[in-house]
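Subject: The structure you asked about

Hi,

Here is the structure, ready for you to open next to your own notes. Have a look at it first, and then read on for what turned up.

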Amino acid sequence: MRILCLLLACLFAAPHAIAHGSDRLKVTETILLDAPPETIWAAVGNFHDLSWDPAIARTDGEGGNTVDSFRTTTLRNGGTITEQLVIYDATRMTYSTFLPHNDPAVLPITNFSTILTVKPGPAGGTEVVWRAAGFRGYPNDNPPPSLNDEVAVKAMHEYLRAGLDALRRRFGVPNGS
């Protein structure tokens with residue numbers, strides 16, 4: 001009986017495992033800044049204010065920093081994305097967003113999530129860690145070249161890096177960094 005159950009489990013699980021053509025892709029970008037964590041958090045900690053990020057033209061939304069709030073972000077390239085706030089912890093200076101549906105022409109990623117964390121740097125100043133994860137814009141097998149894993153990873157890195165580079169220009173980096 002045990003062997004029969006195991007065979008049935010494999011039979012039902014195998015098609016689902018094979019059918020999924022894309023793995024969850026993850027990237028992390030980090031920067032050290034020459035300002036106290038509280039100063040950096042004051043600049044980045046409002047879910048509805050992305051004025052610090054040069055890729056963003058405008059952000060609209062309601063609900064403040066309340067979990068399950070949504071923001072619609074208009075990118076400078078004209079596209080829009082709508083994100084949901086899923087975690088917000090001002091004490092730990094971190095928040096997480098989720099983009100459940102997306103036009104892959106705007107951002108070649110589906111089920112895109114981010115976690116932004118501000119913390120004391122290893123030698124003073126502040127370390128900002130921004131993580132992202134998602135699936136390529138075409139989740140099935142044999143994606144077109146414009147929606148493959150490499151394009152999705154590159155887009156995630158560029159999205160995060162643009163914001164962190166803007167913070168570097170605004171606050172500088174600690175000496176020796």
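Is Phe112 buried or exposed? Phe112 is buried: its relative accessible area is 1%, and the cut-off for buried is under 20%. Please keep in mind that this is a predicted model.

The chain is made of three helices and seven strands, and from the N terminus on they follow the order α-β-α-β-β-β-β-β-β-α. Of its 177 residues, 42% count as buried. If you take contacts between residues at least 6 apart in sequence, 53% of them join residues at least 24 apart. The accessible surface of the chain comes to about 9,700 Å², with 57% of it belonging to carbon and sulfur atoms.

Now to the aromatic rings. A ring pair is described by the distance of the centres and the angle of the planes. The count for this model is seven aromatic pairs. In one of them, the ring centres of Phe112 and Tyr159 are 5.7 Å apart and the planes stand at 80°, so this pair is edge-to-face. Phe112 sits in strand 6 (residues 109-120) and Tyr159 in helix 3 (residues 149-171), so the pair links distant parts of the chain, 47 residues apart. Tyr159 is buried too, at 8% relative accessibility.

Tyr159 also pairs with Trp130, this time in a tilted arrangement, with 6.0 Å from centre to centre and 45° between the planes. This pair again links distant parts of the chain: Trp130 belongs to strand 7 (residues 126-136) and lies 29 residues from Tyr159 in helix 3. Trp130 has a relative accessible area of 5%, so Trp130 is buried. Elsewhere, ring pairs link Trp41, Phe47, Tyr88 and Tyr95 into a cluster.

Helix 3 deserves a look of its own. Its 23 residues should span 33 Å at 1.5 Å a residue, and the end C-alpha atoms are 33 Å apart, which agrees. Its buried residues include Ala152, Ala155, Met156, Tyr159, Leu160 and Gly163. Among the elements that cover the buried residues of helix 3 are strand 1 (25-33), helix 2 (37-44), strand 4 (80-89), strand 6 and strand 7.

Both ends of this helix are worth a click as well. After the helix comes Gly172, which has a positive phi, near 75°.

Best wishes

Definitions and conventions
Residues are numbered from 1 along each chain as its sequence is written. This is a predicted model: local features need pLDDT of at least 70, side-chain atom pairs count only at pLDDT 80 or more; totals for chains, interfaces and linings use all residues. Side-chain values use heavy atoms; hydrogens and water are left out. Rings of Phe, Tyr and Trp (its six-membered ring) pair if their centres lie within 6.5 Å; planes under 30 degrees apart count as stacked, over 60 as edge-to-face and the rest as tilted. Helices (H or I, at least four residues) and strands (E, at least two) are DSSP runs, numbered from the N terminus. Buried means under 20% relative accessible area, exposed over 50%, partly exposed in between (1.4 Å probe, protein chains only). Contact means heavy atoms within 4.5 Å. Accessible areas come from the Shrake-Rupley method with a 1.4 Å probe; for residues, only the protein chains shown count as cover. The expected span of a helix is 1.5 Å times one less than its number of residues.
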